[in-house]
Structure formats: C-alpha cells, structure tokens
Amino acid sequence: MEQAGFGAEEELLATVRRDLDNVESALAKLEEGTYGLCEACGEPLGAERLSSSPAERFCAGHERPPGHPSLDRDSGRAQDVHR
Ligand SMILES: [Zn+2]
C-alpha cells in the first residue's frame, strides 16, 4: 500500500536540510562566540527568540532581507513570522 503524500515527504526533507544548515551554522557560531547575534546587525537576538528558534540567524528586523519581495512570495516559506 502506497503512502499518500510522497511529494510532501520530499518537501519535508528539503525543510529539514535547510534547518540542518541553520543548526550547523549556529554550532559554528557557538564555537566562534557569536551565537545568538544577528548576522546583519550584530545585535543579540534575545533569549525569547532563541528559545523558540535556537538556530535563528537574524533579529526580527532583519529576518527578511528588504528588497527581495519576489523571494518571499514565490517560495511561500512556512516560517511562523507574525510580526
Ligand atoms: Zn539585526
């Protein structure tokens, strides 16, 4: 019996890979001592933000790089950004 949603599985895998990338870069930053700082402005992300998203790389203000509207709309990223 075939499982439904095979395509969704691949999509999930792609998401996991992207998350893994973020986690790896977070680990690298831990070693450098720059973990928890926004990559754009160097401001601390804050414990609250990190606890909900430990591999976060940008502060709320830099989460979506300005000037790339097509990037966000087309990919339809399923990140919970409610700000
Ligand atoms: Zn920032």
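Two residues are in contact if their C-beta atoms, placed from the backbone, lie within 7 Å. On that basis, Tyr 35 touches Ala 26, Lys 29 and Leu 30, with residues up to four places away in sequence left out of the count. The structure is a predicted model.

The protein chain contains three helices and zero strands. Its elements follow the order α-α-α from the N terminus. Of the 83 residues in the protein chain, 2% are buried. Contacts between residues at least 6 apart in sequence were also examined by separation. Among these, 24% join residues at least 24 apart.

The average pLDDT is 81, and 71% of the residues score at least 70. Helix α1 has the highest confidence, at a mean of 93. The lowest is found in helix α3, residues 69-75, at a mean of 50. Over residues 71-76 the pLDDT falls below 50. This stretch has two contacts in the model beyond near neighbours in sequence.

Helix α1 spans residues 6-32. It has 27 residues and reaches 39 Å from its first C-alpha to its last. That reach is close to the 39 Å expected at 1.5 Å a residue. Helix α1 is hardly covered, and the count of buried residues among its 27 residues is zero. Gly 33 follows α1 and has a positive phi, near 90°.

The loop between α1 and α2 (47-52) holds Tyr 35. Tyr 35 has 18 C-beta neighbours inside 10 Å and therefore counts as partly exposed. The cut-off for a buried residue is 20 or more such neighbours. The contacts of Tyr 35, beyond four places in sequence, are Ala 26, Lys 29 and Leu 30. Tyr 35 also lies 9.0 Å from Ser 25, C-alpha to C-alpha. These two residues are 10 apart in sequence.

Glu 56 lies in the loop between α2 and α3. Glu 56 is partly exposed because 19 other C-beta atoms lie within 10 Å, where a buried residue would need 20 or more. With neighbours within four places in sequence set aside, Glu 56 is in contact with Leu 45, Arg 49 and Leu 50. Of these partners, Arg 49 and Leu 50 fall within the 47-52 range of α2. The C-alpha atoms of Glu 56 and Glu 39 are separated by 9.6 Å. Along the chain, Glu 56 and Glu 39 are 17 residues apart.

How values were computed
Residues are numbered from 1 along each chain as its sequence is written. This is a predicted model: local features need pLDDT of at least 70, side-chain atom pairs count only at pLDDT 80 or more; totals for chains, interfaces and linings use all residues. Helices (H or I, at least four residues) and strands (E, at least two) are DSSP runs, numbered from the N terminus. A residue is buried if 20 or more other C-beta atoms lie within 10 Å of its own, exposed if 12 or fewer, and partly exposed in between; C-beta atoms are placed from the backbone. The expected span of a helix is 1.5 Å times one less than its number of residues. pLDDT is the predictor's confidence in each residue, from 0 to 100.
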